[in-house]
Amino acid sequence: MIVIEQLRTCSTDANHIVKISVPTGGSLLRFRIFSALLLAAIGAAPALAGGDIKLDPSCAEVNYSYSATRLSWFYSAKLYDVRSGGSLTQIGEMRFGQSTAYLLDVRKQKWARGNRLNWSLLDVDGPKFRSCTLVGEDLEEGKKVKHYRMTWHSDPYAAYGDFWIASEGKRIVRAQRRFMDQDQANLKFGTTEGTIMEIFDYDPATSAAPDGPFEDE
């Protein structure tokens, strides 16, 4: 099973409200998340041994984008092995329903199921995203995106990361991780040079539960 990050529970307060609006018709899922309430909801981090862990302030927009993506009601992502020369070979797929995440490892051709609500902006020894820098702005399929670079941490993995974030909606369009331990990534995820690209799709039709087969059957 492909697990791109170790999942940890993100606790929220019932008084913090995330506002989501879904349009009618065939348009893509759109939503509004008020940043103060969102950061309050996701910022309730547990205290670990040695003191509280705080988010890296340089990663404010990256944290917001990651959270906005995870809070989307329905979305999917395809995972690719980035090979020399920039070619992409699909190695996995993720689909997220209202409460269930479906993960496909193409090496096994079986889907794993899990609770999609377990996620966090923290790792065991610090924030998930650190030392974020804005590389620039560009266009992807005619839409404005911001390109950020950072280090990404999810014990026992660490990677140099790139996020392309939609200027409208603030969700992740695609994400690339170049793992610091290339051999570890090749063995775990089936990459050839330790680099994974995720391409996100927010059309609810792409997040439909798969027919199987499933690992737990």
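Which residue in E8 does Glu 137 stand opposite? Glu 137 faces Lys 146, and the sections below show where this pair sits.

## About the model

This is a predicted model, in which local features need pLDDT of at least 70 and side-chain atom pairs count only at pLDDT 80 or more, while totals for chains, interfaces and linings use all residues. Residues are numbered from 1 along each chain as its sequence is written, and side-chain values use heavy atoms, leaving out hydrogens and water.

## The sheet

Let's begin with the strands. Helices (H or I, at least four residues) and strands (E, at least two) are DSSP runs numbered from the N terminus, and two strands pair if DSSP finds at least two bridges between them. Strands of a sheet pair through backbone hydrogen bonds, either parallel or antiparallel.

Here, 9 strands make an open sheet with antiparallel pairing, in the order E4-E3-E2-E1-E11-E10-E9-E8-E7. E4 and E7 are its edge strands, each pairing on one side only. From one strand to the next, the twist averages 20°; angles run from 0 to 180 degrees between N-to-C directions, with axes fitted to C-alpha atoms, for helices over the stretch in contact.

## Two hairpins

Strand E7 (residues 129-140) runs antiparallel to strand E8 (residues 143-154), and 9 bridges join them. The two form a hairpin with 2 residues between them, and Glu 141 in the turn has a positive phi of about 55°.

Strands E3 (residues 100-105) and E4 (residues 110-115) pair in the antiparallel sense over 6 bridges. Ala 101 stands opposite Gly 114, and Leu 103 has Ala 112 as its bridge partner. This hairpin has 4 residues between its strands, with Gln 109 in the turn at a positive phi of about 55°.

H2 lies across strands E1, E2, E7, E8, E9, E10 and E11, running at about 80° to E9. Contact here means heavy atoms within 4.5 Å.

Tyr 66, Thr 69, Arg 70, Ile 172, Arg 177, Glu 198 and Phe 200 line the second largest cavity. H2 gives the most to this lining, with 3 residues, while H2, E10 and E11 each supply at least two.

Conventions: 1 Å grid on protein atoms, 1.4 Å probe; cavity = no way out; pocket = protein on both sides within 12 Å on 5 of 7 lines; lining within 4 Å.
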